[in-house]
Amino acid sequence: MIPEESFGPVENRMQSVGLALEELLVTAQKQDCLTVGIYESAKLLNVDPDSVVLCVLAADDEDDVALQIHFTLLQSFCCDSGITILRVSGVQRLQQLLGAVDANRNQEECGDLHCILVTNPQADHCRLQEVGIYCQESRRLDQWVPELVLQER
């Protein structure tokens, strides 16, 4: 493992935002403010896009053409609706985070973590704000859809 002091400012920032995203997702799930799955997310975006504050698109395999088409459509819709989008790699980490919170869900329900929507979280707005600022800064650097790598633990 690389000592934290050897990371540059960009790596430290991404690590900090990654932790903020993880905390935000766990908190939102506990508050029932999380929609998980491409199909479920598309249904919510169609019915109530104004309730969505963050769209997380997660994939470790960039070669899945069908998934990339879904992502393109979701990204377009979110951009048109003014919803913050963040692409992450580290689906295994998402499974650890979100699968552990609700052990009563079956594997199939937890299986599609490719799209996660955060809706009106009641608490931890500072975490949502930190992720949002990171996304804004990334867009200013011509990164249309900001990306983040979640570290496994």
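Predicted model: local features only at pLDDT ≥ 70, side-chain atom pairs only at ≥ 80, totals over all residues.
Local features were taken at pLDDT of at least 70 and side-chain atom pairs at pLDDT 80 or more, while totals for chains, interfaces and linings use all residues. Residues are numbered from 1 along each chain as its sequence is written, and side-chain values rest on heavy atoms, without hydrogens or water.

The protein chain holds 6 helices and 5 strands, assigned as DSSP runs (helices H or I, at least four residues; strands E, at least two) and numbered from the N terminus. Their order from the N terminus is α-β-α-β-α-β-α-α-β-α-β. Among contacts (heavy atoms within 4.5 Å) in the protein chain with a separation of 6 or more, 81% join residues 24 or more positions apart.

The accessible surface of the protein chain is about 8700 Å², with 51% belonging to carbon and sulfur atoms; areas come from the Shrake-Rupley method with a 1.4 Å probe, and for residues only the protein chains shown count as cover. Of the 153 residues, 41% are buried, that is, under 20% relative accessible area.

A nonpolar core is a set of buried Ala, Val, Leu, Ile, Met, Phe, Trp, Tyr and Cys residues joined through side-chain atoms within 4.5 Å. The largest such core has 28 residues, of which Leu21, Leu25, Leu54, Leu86 and Val88 touch the most other members. Elements giving two or more residues to this core include α1 (9-30), β3 (84-89) and α6 (125-140). The largest share, 7 residues, comes from α1. Beyond its neighbours within four places in sequence, Leu25 contacts Leu34, Val56, Leu94, Leu98, Ile116 and Val118. A second, separate core of 15 residues includes Val52, Leu57, Ala59 and Cys78.

Note on methods. Buried < 20%, exposed > 50% of the residue type's maximum accessible area, 1.4 Å probe, protein only.
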